[in-house]
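Please consult the sequence and structure shown here.

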Amino acid sequence: MDCVGDVIRDKIKELGQLWKSSKNCRNVSIDILNSWNTLIAEWAKDESMPLIIRKGSSRGQEFTHRSGRKVIISDNTFALWVYRNVLGRKTYTLLELKNKLNSNEIPMVYALSKEDKKKAKYTKTLGKDALSDEDSKWKLCHIEPVGMNSRKNIADLDINELIKYFKRYANPMNMFILPKEIGSLGEIQEFIDEQKIK
């Protein structure tokens, strides 16, 4: 039984269209998005680069998958960092990103307790790399789901599935931002569908 109904779903879709065309919507350069799209695809293919996935526990920690590939656990911080770079029209080479990872310069965690810091390899927080000075006003949303909801050990998951998670999580083509006061709309499919790049 559909408890919402077509009329309300159409109105939510209309809200999505209104936001997409709003002067307040933070539009980003398609050229920069394409550059990051290519970069994330190259990253995913390069087995020397760790995959980064969003998971609720073990944030900042690095694991070795049975395939030999490294996997880093983040919250939404890494995705926020990517989108901040997109808004700032900043791109990198794969080598630059590898060097940044090796020197712990890429934010991976929103915050860590002292206990969690002992276990984490990547401890840089978002700090000045937030979306803007008014970061508290914005919510980063993903179009395709990016959460790692499996209870399986990371090492036991199929590496190709992890690569797919990484690409959905890290690719700004799969992201948009909303003012936090209407951030809940970023959880509703009819609204999300209107934010896709067409």
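The points below are grouped by topic. The model is predicted, so local features require pLDDT of at least 70 and side-chain atom pairs count only at pLDDT 80 or more, while totals for chains, interfaces and linings use all residues. Residues are numbered from 1 along each chain as its sequence is written, and side-chain values use heavy atoms, with hydrogens and water left out.

**Helix H4**

- Helix H4 spans residues 94-102; helices (H or I, at least four residues) and strands (E, at least two) are DSSP runs, numbered from the N terminus.
- Leu94, Leu97, Lys100 and Leu101 are the buried residues of H4, where buried means under 20% relative accessible area, exposed over 50% and partly exposed in between (1.4 Å probe, protein chains only).
- Viewed down the axis of H4, these buried residues fall within an arc of 120°, so they line one face of the helix; the arc is that of the directions from the helix axis to the C-beta atoms.
- Leu95 and Asn102 are exposed on the other side of H4.
- The cover over the buried residues of H4 includes helix H2 (30-45), strand S3 (70-74) and helix H3 (77-87), with contact meaning heavy atoms within 4.5 Å.
- Asn104, which follows H4, has a positive phi, near 60°.

**Helices H2 and H6**

- The axes of H2 and helix H6 (residues 159-170) come within 10 Å and cross at roughly 155°; axes are lines fitted to C-alpha atoms, for helices over the stretch in contact, and angles run from 0 to 180 degrees between N-to-C directions.
- Ile40, Trp43 and Ala44 of H2 and Ile163, Phe166, Lys167 and Ala170 of H6 make the contact.
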